[in-house]
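Below are my entries, in the order I looked things up.

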Amino acid sequence: TRIKRTEIIGNLIWDKFPPDHESPGNKALQSAMESGQNTSFEMYFSPLGIWVEGSVYPTVHGLATYFKDISIRKKAEEQIRESNDRFEKVMEATNEAIWDMNMADDTIYWGRGFRKIFGHHTGEEFDLTAGMYAYLHPEEADAIREEMKKAVEDSGIDNWQGEFRFRKKDGKYANTINRCV
């Protein structure tokens with residue numbers, strides 16, 4: 001059930017929605033009244049079936065409270081969380097060394113397969129700041145970097161595949177086939 005703005009503005013919120021003393025909203029209101037400090041909160045508001053973001057501002061006349069419906073954002077956050085959960089499960093189930101590289105800033109996400117296959121894992125012994133290229137065989141590193149850069153910069157290229165040697169933790173090189181989208 002929706003309530004019109006005119007039914008709420010200038011009225012006590014408690015008259016329209018009896019307080020749930022344990023809700024984040026009520027706790028924020030109490031905190032603002034006691035401390036005199038601005039505060040904010042997020043909560044699911046069951047009487048309207050929506051997520052709200054509330055901002056509370058103490059005034060000389062009481063509290064000014066502003067609400068914003070954030071249901072769409074909360075749904076998007078949940079979809080991202082579910083997608084990330086699925087991704088993590090795929091990462092656990094695969095025997096591949098999956099990685100994701102942002103070529104603009106040379107940052108890399110290394111999947112768990114890197115530890116299984118190459119012996120590397122994120123942390124002190126695996127220098128993420130050096131980028132992937134530091135682990136390519138010196139005879140191939142420059143050519144692979146140029147090929148990958150071209151694939152990223154050319155909007156006509158949808159994917160890239162390359163074969164190269166990747167240095168394992170023990171210093172030996174493994175032959176790899178990389179497929180990038």
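**Entry 1: the largest pocket**

I started with who lines the largest pocket: helix H1 (5-8), helix H2 (13-16), helix H3 (24-35), strand S1, strand S2 (50-59) and strand S3 each supply at least two residues. Helices (H or I, at least four residues) and strands (E, at least two) are DSSP runs, numbered from the N terminus. S3 gives the most to this lining, with 8 residues.

Before going on, I noted that this is a predicted model, where local features need pLDDT of at least 70, side-chain atom pairs count only at pLDDT 80 or more, and totals for chains, interfaces and linings use all residues. Residues are numbered from 1 along each chain as its sequence is written, and side-chain values use heavy atoms, with hydrogens and water left out.

How big is the volume of the largest pocket, I wondered? I got about 1200 Å³. A pocket here is found on a 1 Å grid over the protein atoms alone: it is an open set of points where a 1.4 Å probe fits, with protein on both sides within 12 Å along at least five of seven lines, and lining residues have an atom within 4 Å of a point. Grid points are joined across faces, edges and corners, and the volume is the space filled by probe spheres set on the points.

The lining of the largest pocket has 38 residues, and the closest to its centre are Ile 8, Ile 13, Phe 17, Thr 65 and Phe 67. I sorted that lining into 23 nonpolar, 9 polar and 6 charged residues. For this, Ala, Val, Leu, Ile, Met, Phe, Trp, Tyr, Cys and Pro count as nonpolar, Asp, Glu, Lys and Arg as charged, and the others, Gly among them, as polar.

**Entry 2: the second largest pocket**

Next I looked at the second largest pocket, with a volume of about 750 Å³. It has 30 lining residues, and Ala 97, Trp 99, Asn 178, Arg 179 and Cys 180 are the closest to its centre. Strand S4 (99-102), helix H5 (113-118), helix H6 (141-153), strand S6 (160-167) and strand S7 (173-180) each put at least two residues into this lining. S7 has the largest share, 7 residues. By type, I have 21 nonpolar, 5 polar and 4 charged residues in the lining of the second largest pocket.

I also checked Cys 180, which lies in strand S7. Cys 180 is buried, at a relative accessible area of 19%. My cut-offs: buried means under 20% relative accessible area, exposed over 50%, and partly exposed in between (1.4 Å probe, protein chains only).

**Entry 3: rings**

How many aromatic pairs are there? My count is 5. Rings of Phe, Tyr and Trp (its six-membered ring) pair if their centres lie within 6.5 Å; planes under 30 degrees apart count as stacked, over 60 as edge-to-face and the rest as tilted.

Phe 41 and Phe 67 make an edge-to-face pair, at 6.2 Å centre to centre and 75 degrees between the planes. Phe 41 is in S1 (residues 39-45) and Phe 67 is in S3 (residues 62-69), so this pair ties together parts 26 residues apart in sequence.

Tyr 44 is partly exposed at 43%, and Trp 51 is partly exposed at 30%. The charged end of Lys 74 sits over the ring of Trp 51, 4.6 Å from its centre; the rule asks for NZ of Lys or CZ of Arg within 6 Å of the ring centre and within 35 degrees of the ring normal.

I also jotted down one aromatic cluster, made by Phe 118, Tyr 135 and Phe 166.

**Entry 4: the whole chain**

Last, I stepped back. The protein has 6 helices and 7 strands, and along the sequence they follow the pattern α-α-α-β-β-β-α-β-β-α-α-β-β. Of the 181 residues, 27% count as buried. The C-alpha atoms fill a box of roughly 75 × 40 × 30 Å, taken along the principal axes.
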